[in-house]
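Please read the following briefing alongside the sequence and the 3D structure, which are shown here.

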Amino acid sequence: MNYRFRLLIIILLAVISAGCWDSKDIDKRSFVMGVAFDLEKTGQDLVMTLELPVLKSFETGTDGGSSNTKKTKAVISTTGTSIAKMAAGFEARLWRELSFGHTKVIIIGEELAREGIGEIIDFFDRNPKVERRLKLVIAQGEARDIFKTAAVREPIASTYLYQMLEVVTPTTRVITHNFQDSLRYLEHNGDTILPRVRGTDEELIVAGSALIKDYKFNAWLGENETRAVAFIFNTVLGGVITANVDNINYSYAIRKTTTKIRPQLGDNNQLVFTIDINAKGDITEVFSEVPVNITEDLIKKIQAKLNQIIADDMHHTLKKFQELKTDPIGLSILTKRRYPKFWNQNKAHWKEVIVPEIKFEVKTNFIIRHAGILS
Amino acid sequence: MKTRDTLLNQEIPVIVINVILGVATINLPSRLARSAGPDGIIAFIAASCIALIAAFLIVCLVMRFPDQGFAEYSPKLVGVIPGFILNILLTMYFLYGTAVVLRTFSDTAKVFLLPRTPLEVIMISMLFTAAVLARNGLQPIARSCQIILFLFFVPLLLLPFFISIFDFGEFLPLFQTDFHSMMKAAIGSIFALTGAEVLLVIGSHVHIKRGFMRLTLLGVLTAAALTLLIVSLTFGSLSVEQTAKLQDPIFEMIKYLPVPVLFIERVDLFIFGIWIVLAYSTILILLFTLSHHLAETFKVDSSKNFVIPAAVAIYYLAKIPVNDIEIERFGSFFNIGWLILVFGIVPLFLLLSYIRKQGQPLLAKSEKKEKKRKANP
């Protein structure tokens, strides 16, 4: 009896603990790699577009190679006013459950971003399956057009875009923040900077960024402005800066950078931010007809030029933010930490009154370590 | 005392750590960030001090009556009927506490792991699994807890080395919260540090009482330090504002951080696994304590027969809250119960034991005597 009772318990446990209610085979799921949102022509509804890989196309053929004659992805769209409702509509059309666990990018079209991105974010922020490492980007033009890009080596546009944003060491032209980083700034004061993407038939171009103010697209930032922001966010992992000294272009490859930002409150409540940028890198190219001897003086000249380029970019970008009365780089977060009393007194009119009055001191210190293998 | 119901000295901190760490640890950073912002760290340190004082009082009482459980000495201190009422109230306390833990666990598991599985099935599976071991006595529980401890201790200690995004600035500005709000946050977070009160029931089963106080405090301190580590990591990586917004920020933190070992893309699943095991050990210890206290109250030799009825009662009690808000309110009532028990009944019993000259002097003194005797035979 005792033995039978124990056996019964084991069988019961095996049955009820197996989580059968939630078991779902892989072929009954639709893995959403990317989601794009646009504004419908009437301006009332949203257009939600999904990029889904066709798993069958990745199966190995009888000869050992993949059967690449099949379509590798499906791009489907629907219109509606609620994302949850549109997602349910997709499930009905596909007869498969949408799985957002592998979603790499959320792309928002320019026109929709002008109306606001807050409503789009909530669905993904609330969903426990969503990976917070995915990228939130703004498309120049229609977001769904990004999925039309069919690069030869990267058939899934979402993966292609994600990899470009994730592995961006060769460039400083993009913001590498992920979904959680973007939320951190957005939910603090409604402002942030998101990467800009546009697509052609065969490639995606990620350069520059979109300035978001109060959850709405406000202005584009050029590549140099974006580079300045990347330095402020301390996300520069590499990239090349060209410095022109005595009419010769020197390519400086960034190896390591650190940025420290400190607020300082003066006697008359004047807020001054000191931005201290330190960079180490190498000269990888001297664009000159005749060989150039890299002397100590020349190194100092190149370093000074690099310092000036980045400092100018910084001042220009920060001035732009002040003119637009926006704080996408978290100046308010730093002020709140260092001067909580001042922050509490001024948080209500931070962007309107305080931000335009802030003074910036930019200190740049670019160091050249090597100049290649030439002596 | 049966052999299988004895607790070895080294198992005391193991039991204490296992009962403290569990479901409440997961949403603690959120509660602290919401109620005290960056000062949540200070509030938690204050809560840890309260938990240490509580553990000290509990052990003092246990050592006054080293061979008796709460149910046995309470009638001697306050009289038979009030003692019986207090025993029933303590039963209700453990019943309620286990129900809170079970429901919080089941709800979180449903949201993150098993959205289609009925809540009832998650609760019954957990209770059933815990009941199987709880029926077998204290020693198997303690041994299981030792295995469980190794299972989460190493990953927890390794976790900081994999957190590549961490900003110390997130802990600023400190001391911006007024004393009242700070204490409110500390009391609100105490649920994550409760558990040492199980010793009121199972403390009498400790085989040798030498070092009981030190080991219990070590257990509470270790659990508090591990929880503080988790809270700090969450604040520093996700930011205080984002932590406050999320219900279970630790899971989201894992999903946000860059994957250290590329072949394990869903590293969050490992964390879920550890968390389930931790929740299991908490429910298991509480269920055993509850059934054992019932057996002692009704003077029954074995607590085995009380395990299933207790589990059934826990199940029905855990079903009462309708939504997240009610579950949180459910948990806050438990905090009040804990405060009354630890800072009301326990000191009162200690005081009464001295007034009525019941129990033994604290073991430290008898130990000294024993040492003296050994030194001068």
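F273(A), at 0% relative accessibility, counts as buried, where buried means under 20% relative accessible area, exposed over 50% and partly exposed in between, with a 1.4 Å probe and protein chains only. This is a predicted model, in which local features need pLDDT of at least 70 and side-chain atom pairs count only at pLDDT 80 or more, while totals for chains, interfaces and linings use all residues. Residues are numbered from 1 along each chain as its sequence is written, chains are lettered from A and ligands numbered from 1 in the order in which they are written, and side-chain values use heavy atoms, with hydrogens and water left out.

**Aromatic pairs**
- Rings of Phe, Tyr and Trp (its six-membered ring) pair if their centres lie within 6.5 Å, and planes under 30 degrees apart count as stacked, over 60 as edge-to-face and the rest as tilted.
- By this rule there are 30 aromatic pairs over all chains.
- F273(A) and F360(A) make a tilted pair, with 6.1 Å from centre to centre and 35° between the planes.
- F360(A) also counts as buried, at 14% relative accessibility.
- The rings of F105(B) and W275(B) are tilted as well, with centres 5.1 Å apart and planes at 35°.
- F105(B) is buried at 5% relative accessibility, and W275(B) is buried with a relative accessible area of 3%.
- F105(B) and W275(B) belong to one aromatic cluster with F112(B), F251(B) and F272(B).

**Charges over rings**
- A charge sits over a ring if NZ of Lys or CZ of Arg is within 6 Å of the ring centre and within 35 degrees of the ring normal.
- The charged end of R96(A) is placed over the ring of W95(A), 4.2 Å from its centre, and K104(A) lies over the face of Y162(A), 4.8 Å from the ring centre.
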